[in-house]
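Visitor: Please show the sequence and the structure, and then take some questions on them.

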Amino acid sequence: MSLTETKETACALHLAEFPILAVAFGRRVMFFSAEDPKSNTDIQIEGDISCMIVEKGILAVAYINQNKKGQVLLAPVQAGFPTKVLIPDCHDNAINGMFFIEGKLITASKDCYIRMWSEDPQKQKMVSVASGMSTSGICSIKLLELSGKAVIAAGCEDGTIQLFTWDDQSTPPKWNRAFTVQEHNNQMVSAMTLCNGLLYSSGFDGTVCITSLAGNDPKRVNSVNVQAPISAIKYYAKADFMILGLADGTVQLYKSDGFSLYTW
């Protein structure tokens, strides 16, 4: 089951431009003031929240509506009070990943599509200006830079990692699927992170795969099986640790050098 299908998916973000903490769970996003923790406001969401990001004071919340369509709510946060801008029916299934690039919003979904959204001043709404398609539902995405070019890594339900490159010569512009790497034994890729030029991916097969992105042919250079489904992975650069979140609720720390379990 995808993590985004649970009804109590929770995440928290610190809005750096404002002394505000945003916490999402169930069908609500709550905003807490760091200056006065008792002061808070909230947004009611018309569906189950799947993921949330923030950049330059813009909060993007993805959720599934009653028709099982992926929606995005944009909330420009000012002085702790958000105003809502809806992008309806972005996808035909849950949105499992988002990020902003050059003022545009990228969304990726279990419906296999990656879409780019931009504001249309004439229509006064956000419209899809580019897209790309994977061969399997997308569970996680990561923005990379290879040889000075933007690349999207999409972790998919079938265990593949599919790399998309930007083609602005086509009409309309689109994300082209350039490489596919089979990494996770036909089980979904739950998360990805970067460390020293290597892509670390985690999967529900209990494996962390380490893929070299050097050159034009991505290849696995190592893998480690932790004997439990992995729901999240994050590189903590300050201590040079990999942090794994397991599906059973436990957290493990690994040294990135050799990927040995850190004990204390």
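Guide: A disulfide here is a pair of cysteine sulfur atoms within 2.5 Å. The model is predicted, so local features need pLDDT of at least 70 and side-chain atom pairs count only at pLDDT 80 or more, while totals for chains, interfaces and linings use all residues. Residues are numbered from 1 along each chain as its sequence is written, and side-chain values use heavy atoms, with hydrogens and water left out.

Visitor: How many disulfides does the rule count?

Guide: Cys139 is in no disulfide, and the nearest cysteine sulfur, that of Cys156, is 6.9 Å away. By the rule, the count is zero.

Visitor: Is Cys139 buried or exposed?

Guide: Buried means under 20% relative accessible area, exposed over 50%, and partly exposed in between, with a 1.4 Å probe and protein chains only. Cys139 has a relative accessible area of 9%, so Cys139 is buried.

Visitor: Which residues does Val208 contact, leaving aside neighbours within four places in sequence?

Guide: Contact means heavy atoms within 4.5 Å. Val208 belongs to the largest nonpolar core, which has 16 residues; such a core is a set of buried Ala, Val, Leu, Ile, Met, Phe, Trp, Tyr and Cys residues joined through side-chain atoms within 4.5 Å. The contacts of Val208 are Tyr200, Ser201, Asn222, Ser223, Val224, Ile230, Ile233, Leu244 and Phe259.

Visitor: Which members of the second, separate core can be named?

Guide: That core has 15 residues. Among them are Ile43, Ile45, Ala75 and Val77.
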